[in-house]
Amino acid sequence: MANMRAAQVSKRGGALELVERPIPQPGAGEVRVKVQACGVCHSDVFAREGLFPGASFPRIPGHEIVGTVDALAADVTGFQKGQRVGIGWNGGYCGACDPCRRGYTFGCATTRRITGVSLDGGYAEYVCALASALARVPDELAALDAAPLMCAGLTTYNALRNSGARPGELVAVLGLGGLGHLGVQFAAKMGFRTVAIARGADKAPLAKELGAHVYLDSEGSDAAAELQKLGGARVIVATVTNGEAMQAVMGGLGVAGKFMILGAPESLTLHPGQLISGRQSIVAWYSGVSIDSQDTLAFGALSGVRPMNEVFPLERAAEAYERMLSGKARFRVVLDMA
Ligand SMILES: [Zn+2]
Ligand SMILES: [Zn+2]
């Protein structure tokens, strides 16, 4: 059997090493994908550190995968060899358990597969995935542009489209990093009156470039008070992982406003009085499943939403991972297999 190149973590917390591995064979219900590009996401820390139950090593991380179908198991329908597909965090679902039958396929009770965490992911030339984990990739979207939309894009797009906000309403995106720089673009393209909130006056030009109608510097101003001056936010999408930064803007919610938690801080202090008097809500948002990724890609292609990437070849995966961890990347790090 032929070999492929991959970057793997050999033991819990270990470094990413470039290795040769046998090209994997698709099992029941699976396709094999020849990877073109794979984003490096902060959640790849879960793979490296083995932070999920059932984690095992060696493990190939990567859950922002775009490539072409290279081989299919005999029982797979709906996909063909050569077709462009994406694979995200959700490694597929059964369609038969009670959560799946209720439409909550992200909460499938039987198929507990997390791409690049509980099974090998896309820091490799080939990867296998369940057909239920595949998103179709529009022709006009380059692989390097599509990859970050499979997780960072999906998470923000899917939260915004399920937020309940209507065109013209005030929607704030907290954070202008990997998620936020896509979230601001999506919010503006969806027709919301879009406010970007980040630290430092120097980010104002970037916010405007991404389509924000208003930029609020959370260091130089009271962002919550500024949101209230604008009428109060219908929705605040929090992409940061800092609980204090979240708390500082929550007071900017308007009547019946909704605060959506996308990043996971260790703890978060709430003010129930404000929530009760404003009939406000706080919800967390899981990224989504394959059809949500497919919709994200289609909307990205339609509206021109594109990630800003720093691109590394597979051989420099360890450097790419460190760059992502540094928090200094502008704004997504992507591995190019070509
Ligand atoms: Zn991710
Ligand atoms: Zn299920």
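What spacing do the donors of the zinc ion (ligand 1) follow along the chain? They follow C-x21-H-x87-C, as the first view shows in a predicted model, where local features need pLDDT of at least 70, side-chain atom pairs count only at pLDDT 80 or more, and totals for chains, interfaces and linings use all residues. Residues are numbered from 1 along each chain as its sequence is written, chains are lettered from A and ligands numbered from 1 in the order in which they are written, and side-chain values use heavy atoms, with hydrogens and water left out.

**View 1. The zinc ion (ligand 1) and its protein donors.** C41 (SG), H63 (NE2) and C151 (SG) coordinate this ion at 2.0 to 2.2 Å; donors are N, O and S atoms within 2.8 Å of the metal (3.2 Å for Na, K and Ca), and because water is not among the atoms, sites may look incomplete. C41 lies in the loop between β3 (30-40) and α1 (44-49), whereas C151, 110 residues apart from it, lies in the loop between α3 and α4; helices (H or I, at least four residues) and strands (E, at least two) are DSSP runs, numbered from the N terminus. C41 is buried at 5% relative accessible area, and C151 is buried at 9%, where buried means under 20%, exposed over 50% and partly exposed in between (1.4 Å probe, protein chains only).

**View 2. The zinc ion (ligand 2) and its cysteine donors.** The SG atoms of C94, C97, C100 and C108 lie 2.3 to 2.4 Å from the ion, and their spacing along the chain is C-x2-C-x2-C-x7-C. The arrangement is tetrahedral because the four donor atoms subtend angles of 103 to 119 degrees, four donors counting as such if all angles lie between 85 and 135 degrees. C94 is partly exposed, with a relative accessible area of 32%, while C97 counts as buried at 10%.

**View 3. The largest nonpolar core, seen around L160.** This core has 42 residues, and those with the most contacts inside it are L160, L176, F186 and L297; a nonpolar core is a set of buried Ala, Val, Leu, Ile, Met, Phe, Trp, Tyr and Cys residues joined through side-chain atoms within 4.5 Å. Among the elements that give two or more residues to it are α4 (152-161), α5 (180-189) and α10 (290-303). Leaving aside neighbours within four places in sequence, L160 is in contact (heavy atoms within 4.5 Å) with V171, G183, F186, A187, M190, F192 and V237. A second, separate core of 38 residues includes I65, V85, Y126 and Y321.

Definitions and conventions
Four donors count as tetrahedral if all angles lie between 85 and 135 degrees; four count as square planar and six as octahedral if opposite donors are over 155 degrees apart and all others between 65 and 115; anything else is irregular.
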